[in-house]
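Open the model in your viewer and keep the selection panel at hand. We will go one stop at a time.

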Amino acid sequence: MTTTEAKIHKVAHHFESARQEESACKLGMWLFLCTEILMFGGLFVGYVIYKRMYPAIFLQGATFLDWKLGALNTVVLLVSSLTMALSIYYIQKGKNNKAILCLCLTLLCGFIFMGVKYLEYSHKLHLGLAPGALFSYTETPTLEGLPLYFSFYYCMTGLHGLHVLVGMLLIFWMIILAGKKQFNTSYYTPLECVGLFWHLVDLIWIYLFPLLYLVE
Amino acid sequence: MSEGKNYLNEKKGLSSWLFTLDHKRIGILYMITVFTFFLLGGVFALLMRLELFKPGENLISAALYNQFMTFHGAIMVFMVIIPGIPAFLGNFFLPLQIGAKDVAFPRINLLSWYCLIVGAAVALCSLFFNGVDTGWTFYTPYSIRTDNGTLWVVLGAFIMGFSSILTGLNFIVTVHKLRAKGMGFFQMPLFVWSLYSTAIIQVLATPVLAITLLLLSAERLMGIGIFDPKLGGDPVLFQHFFWFYSHPAVYIMILPAMGIISELITTFSRKTIFGYKAIAFSSVGIAAVSFFVWGHHMFVSGQSEWVGILFSFITMLVGVPTAIKVFNWVATMYKGSIKFDAPMLYANGFLFLFVIGGVTGIMLATLAFDVHVHDTYFVVAHFHYVMVGGTLMAITGGLYYWLPKMFGRMYNEFWARISFAFIFIGFNVTFFPQFILGFMGMPRRYHDYTPVYEPLNQLSTAGSWMIGVGFVIVFFVVLQALLKGEKANSNPWGAVTLEWQTDSPPPHENFHEAPMITKGPYDYN
């Protein structure tokens with residue numbers, strides 16, 4: 001396969017035009033994002049209900065989290081959303097190398113986020129601040145229901161972290177595609193869809209951070 | 001010209017099927033899968049009915065009965081009725097009916113089939129871990145404590161959920177983006193409308209089931225306690241989450257069936273459908289209301305009385321769009337040139353049984369009455385009148401109706417009608433007595449009962465054999481049609497929707513020339 005061939009994206013046989021294909025893909029992606037929101041929605045509804053039922057344990061639970069690390073991760077994800085958006089901008093301007101650089105920065109942000117998460121998790125698990133029945137923290141007196149707070153903490157951030165990992169894999173794939181010069185000024189639908197996914201993952205964290213770290 | 005190339009003979013070999021991206025072939029894959037699971041789920045049903053022939057432990061132990069009940073429910077719901085119409089008939093006919101070459105995302109379409117297969121395989125793994133006895137609803141805290149393979153079925157249902165989501169997503173995009181030139185939303189056949197409404201539910205409700213099942217899995221693996229009262233969790237929250245999906249899910253099961261009935265009634269009455277827009281909007285209306293009625297499964301769960309009253313009222317609202325459909329179907333038949341071919345028999349069977357199922361549904365929505373018959377056979381009878389009397393009648397009717405298009409062969413009309421007689425009569429013999437049993441107070445889900453219920457239970461079991469015979473006949477009618485059936489022309493019923501304007505079976509890209517739409521979907525004149 002010569003490089004000139006690789007650059008041309010062929011419209012799938014059942015679409016009439018590239019425009020139709022692009023708009024179909026985007027609609028599909030938005031619908032998929034709806035399913036993601038509803039899936040996380042279950043957790044958020046659960047959070048609200050238990051927060052109302054046991055407000056005290058959520059207050060105490062938040063004191064075990066380091067808001068500075070949470071804030072750092074928030075900044076990291078926001079920056080990554082910027083670099084993600086920039087990569088699409090550069091593709092639109094035909095600057096492939098800059099787009100690749102931005103994607104690599106996005107991926108790097110993903111690694112930083114997961115690294116910080118790893119530190120937070122390992123520190124807590126070391127202390128015995130585990131979810132539900134596995135909870136074994138005894139250093140200071142805690143409320144009876146506190147393990148439930150950590151169930152929410154791990155379920156919500158865990159599912160979110162899983163999405164960050166998936167997003168990182170997708171971004172890695174986009175770097176490969178961009179490296180093969182698959183995108184051009186008129187075709188970059190996969191990149192845009194991955195961008196949408198990454199922004200959603202970012203957005204969910206924007207809600208998780210105050211709900212878990214900054215409860216008062 | 002059924003001699004030429006078509007989607008069936010275009011490529012050969014197993015891998016050309018297992019890796020196909022053609023929506024028609026994927027539809028056939030789903031057909032084979034769904035029929036296999038239907039057989040399995042049906043065998044469990046027959047065995048349960050056999051056990052209930054007499055009071056006491058006869059054929060199988062109480063524990064085994066609970067497992068059979070769970071398998072019957074889980075298989076029929078997650079592997080048969082939910083994928084049944086959308087993923088099998090919908091996959092095949094939605095692109096054909098809107099004049100498209102394929103669904104919007106053929107690869108995702110194939111992926112959805114693999115999700116179903118993998119999910120089913122994971123669920124069946126539970127058999128190696130003592131089976132499952134929670135019922136298909138997996139209510140906590142029992143499903144957390146019970147010592148068996150519940151986790152596998154829960155994970156399997158989670159994976160199968162993705163199959164449903166992906167199908168729905170595909171259909172919504174296909175309907176929006178791939179309609180033939182000249183086809184507005186109001187030139188779409190009503191089957192497409194119903195699939196579109198179904199797809200909205202699939203996309204919006206299934207993710208909630210996904211998170212519920214994930215939390216339940218985490219509950220079993222790590223004891224997170226969110227649904228476990230021992231750790232401060234709330235088991236009723238599980239019921240809310242579960243029914244937030246599972247009530248809309250019963251509309252995933254019935255809406256496409258209603259779509260089939262719209263097609264059958266108009267075709268076999270040789271008459272434009274009455275109230276096209278009313279039927280189309282009532283599909284969307286049912287989909288919308290379906291998200292606000294889940295609490296009627298929980299009238300006795302301890303939810304607040306006011307919530308109960310609200311849910312009761314909204315549930316009754318579902319009766320409005322549903323009745324609109326039924327009246328329009330009957331009005332379509334009025335003064336039509338009706339032909340009672342097998343599909344039309346099934347459509348009329350649907351009307352009869354579905355109305356009974358629907359009206360008893362309104363009864364169950366009434367708070368005081370529901371408390372009386374809650375968890376009795378009345379509920380079992382109601383549910384089966386809607387799901388079997390409704391959905392299965394429609395899918396069988398639809399199967400006969402579209403068989404000539406799918407395979408280019410006619411089925412044997414005489415035996416198809418005989419199958420209807422067995423299924424229709426057998427169904428009523430099986431399930432009507434269960435309404436009475438429910439009134440008498442017989443609780444559901446037990447392997448045993450007091451002798452006073454014996455005669456009606458025996459009648460019910462005898463009926464189940466008739467249904468069994470009926471479906472065996474259906475199976476052989478289909479088999480005979482595939483092997484030796486007469487060649488079908490492209491439009492044996494004289495129907496006017498787009499799928500009948502192409503060859504039987506259709507060519508790879510559905511139409512030789514891209515269709516142009518100039519008139520309504522049911523213009524017989």
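This is a predicted model: local features need pLDDT of at least 70, side-chain atom pairs count only at pLDDT 80 or more; totals for chains, interfaces and linings use all residues.

Residues 24 or more positions apart make up 84% of the chain B contacts that have a separation of 6 or more.

Now colour chain B by secondary structure. You will find 15 helices and zero strands. Of the 525 residues of chain B, 58% count as buried.

Next, show both chains and select the contact between them. Chain B gives 30 residues to the contact, and chain A gives 27 residues. On the chain B side, pick helix 6 (150–177), helix 7 (190–222) and helix 8 (235–269); each supplies at least two residues. Which helix of chain B provides the largest share of that side? Select helix 7 of chain B: 10 residues come from there. Colour the chain B side by residue type. You get 21 nonpolar, six polar and three charged residues.

Last stop: chain A. Select helix 2 (residues 18–53) of chain A and find Glu21(A) in it. Is Glu21(A) buried or exposed? Glu21(A) counts as buried, because 20 C-beta neighbours lie inside 10 Å. Leaving aside neighbours within four places in sequence, show its contacts: Val11(A), Ala12(A) and Phe15(A). Then draw a distance from Glu21(A) to Leu69(A), 48 residues apart along the chain. Their C-alpha atoms are separated by 42 Å.

Methods:
Residues are numbered from 1 along each chain as its sequence is written. Chains are lettered from A and ligands numbered from 1 in the order in which they are written. Two residues are in contact if their C-beta atoms, placed from the backbone, lie within 7 Å. Helices (H or I, at least four residues) and strands (E, at least two) are DSSP runs, numbered from the N terminus. Ala, Val, Leu, Ile, Met, Phe, Trp, Tyr, Cys and Pro count as nonpolar, Asp, Glu, Lys and Arg as charged, and the others, Gly among them, as polar. A residue is buried if 20 or more other C-beta atoms lie within 10 Å of its own, exposed if 12 or fewer, and partly exposed in between; C-beta atoms are placed from the backbone.
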